[in-house]
Amino acid sequence: MEPGSSTLLTLLITLSWFHLAESLGTGLGLSPHMGWSSWNVKQCDSASAKYALDAADKFISLGLKDLGYEYINIDDCWSTKERDGSGKLVPDPVKWPNGIKAVADRIHDMGLKFGLYGCAGQMTCAEFPGSEGYAVSDVDQLVGWGVDFWKFDNCYTPCKVNPRPQTCPDPAGNTKTWYAPMRDAILAARARTASQIHFNLCNWGRDEVYKWGAQYGAQSWRISEDNYGDWASIERIASTAADITQYSGPGGFNDLDMLYLGSPKLNTRQERLHFGLWAILKSPLVLGLDLSNISASTLEIVTNRGIIEINQDPLGKPANTFRPPGGPEPVKGKIYPYWVGELKDGVVIGLCAGTAAGRYSLEFRDVPGLGRGWYEWTEMYTAQTGWGSGVSLDIGLHDMRVVKVGSFIFSTSNIPSRLSGPAGKRDY
Ligand code: GAL
């Protein structure tokens, strides 16, 4: 190491902890945020007051608010195509007949929060004004409207290709550079006003954002390109997330992108795996679907209280894959069958039939964090309960079981271990 570089390293580490502490000090992002986003509903057409207020009403009538769903987030296309004469963003008067503040106020009155979307480049991905050169002014507007959440995208940013394309294949520099002005504006607003804007970075995981997102005052950051609501997206995003869980925790979480339940390309089994994996990986749970047309089976999945509680567990520790004796080799880009995560009062085991239907069995002694002994367990989707030295469940293709292992009953270190019997049955 060069002389002086260790001092620099210490300084950098101190600074990064300072920023993390700053982010924690806001009280924001201590657990993954929960909400709804307009984007997957009807893209640009759903970026309106009507969709925001309908979603807020549905949060109440469907019981979502009581379960912790909180943010009503409007995505791309909410403004007009041009700024006004003083460089201000203008809410589209057709989509927002009474402006943004009236809607934010109403949503606040319902005990919910309101989010908007912007972009670091010259334009948003759908070609509305971007914040390049306008960060301070744009944040002033957000603060004035009472916006609680700001998703910040990465289109039309500096690129070696000219003119800049929507999604740059060969960036002219690092995302950090063009996200810095917005970081500064958000941090200044937090320091100067009562505003506590949740800063969500949407650079699709570029430049290892999970390593510096928290230092940028963000409470969450996208780790991948979009969830397109098909099985391939679920496999791609879940396997990306599995490799970087160590960067996610209270104060700043990996954002696996909106939940695309209700997509015609996913069946109910795949929806259960999608929701269950996002939850145990401690991703934000943001419903990207039309709440007016939600099916009974999708509603049942997204209102699973036990799984939501696991997602919101105060430790905020994402689950990881683990390989039990005889477990298969991980296959890149495929969903591994065995996952485990620590909880305040136990562990969660995720069993994923990502590549094959069948019986999935585990001895608890082979699960990191558990010892040789008998434990009580509950499966969250089927409400099946049991106890013993392990668990064994039949799972259909692409389905998932989320098993919370709770109380330790007694040690069997001197007794040969065996799997538990049928659910709820004592097997000694
Ligand atoms: C993408 C982003 C999507 C959505 C879309 C809007 O870059 O990943 O989540 O926000 O832009 O144009």
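Begin by selecting glycine 146, which takes a positive phi of about 80° just after helix α6; helices here are DSSP runs of H or I with at least four residues and strands are DSSP runs of E with at least two, numbered from the N terminus. The model is a predicted one, in which local features need pLDDT of at least 70 and side-chain atom pairs count only at pLDDT 80 or more, while totals for chains, interfaces and linings use all residues. Residues are numbered from 1 along each chain as its sequence is written, and side-chain values use heavy atoms, with hydrogens and water left out.

**Helix α6 and its cover**

Step back to helix α6 itself, residues 135-145, and colour its buried residues, which are Ala135, Ser137, Asp138, Val139, Gln141, Leu142 and Trp145. Buried means under 20% relative accessible area, exposed means over 50%, and partly exposed is in between, with a 1.4 Å probe and protein chains only. Next show what covers these residues, which includes α5 (99-109), β3 (113-119), β4 (149-153) and α7; contact means heavy atoms within 4.5 Å.

**The loop between β4 and α7**

Select asparagine 154, whose place is in the loop between β4 and α7. Is this asparagine 154 buried or exposed? Asparagine 154 is buried, with a relative accessible area of 2%, and the residues that it touches, not counting those up to four places away in sequence, include Cys119, Gln166, Thr175, Tyr179, Cys202 and Arg206. Its side chain also makes a polar contact of 2.9 Å with the side chain of tryptophan 178; a polar contact is a pair of N or O atoms within 3.5 Å, where within protein one must be able to donate a hydrogen and the other to accept it, and residues adjacent in sequence count only if both atoms are side-chain atoms.

Proline 163 is found in the loop between β4 and α7 as well, and a cis peptide bond with omega of about -10° joins asparagine 162 to proline 163. Most residues other than glycine have a negative phi, and most peptide bonds are trans.

**Around the ligand**

Now display the ligand together with the residues around it, among them Trp39, Asp75, Tyr117, Cys125, Lys151, Asp153, Trp204 and Met258; a residue is counted as near a molecule or strand if one of its heavy atoms lies within 4 Å of it. The protein covers 94% of the 310 Å² of accessible area that the ligand has on its own, with areas taken from the Shrake-Rupley method with a 1.4 Å probe, where for residues only the protein chains shown count as cover.

Then select Tyr69, Phe114, Leu116, Phe275 and Leu277, which touch the most other members among the 92 residues of the largest nonpolar core. Such a core is a set of buried Ala, Val, Leu, Ile, Met, Phe, Trp, Tyr and Cys residues joined through side-chain atoms within 4.5 Å. Helix α7 (residues 175-192) gives the most to this core, with seven residues, and the core draws at least three residues from each of domain 1 and domain 2. Zoom in on leucine 277, which touches Ala238, Ile335, Trp339, Cys352 and Met400, not counting residues up to four places away in sequence. A second, separate core of 20 residues includes Ile349, Leu351, Leu393 and Val405.

**Two positive phi angles to finish**

Go to aspartate 257, in the loop between β7 (253-255) and α10 (268-280), which has a positive phi of about 85° although it is not a glycine; aspartate 257 is buried, with a relative accessible area of 5%. End at alanine 383, in the loop between β13 (373-379) and β14 (385-388), where phi is also positive, at about 60°, in a residue that is not a glycine. Alanine 383 is exposed, with a relative accessible area of 57%.

Note on methods:
Domain bounds come from an automatic or database domain assignment.
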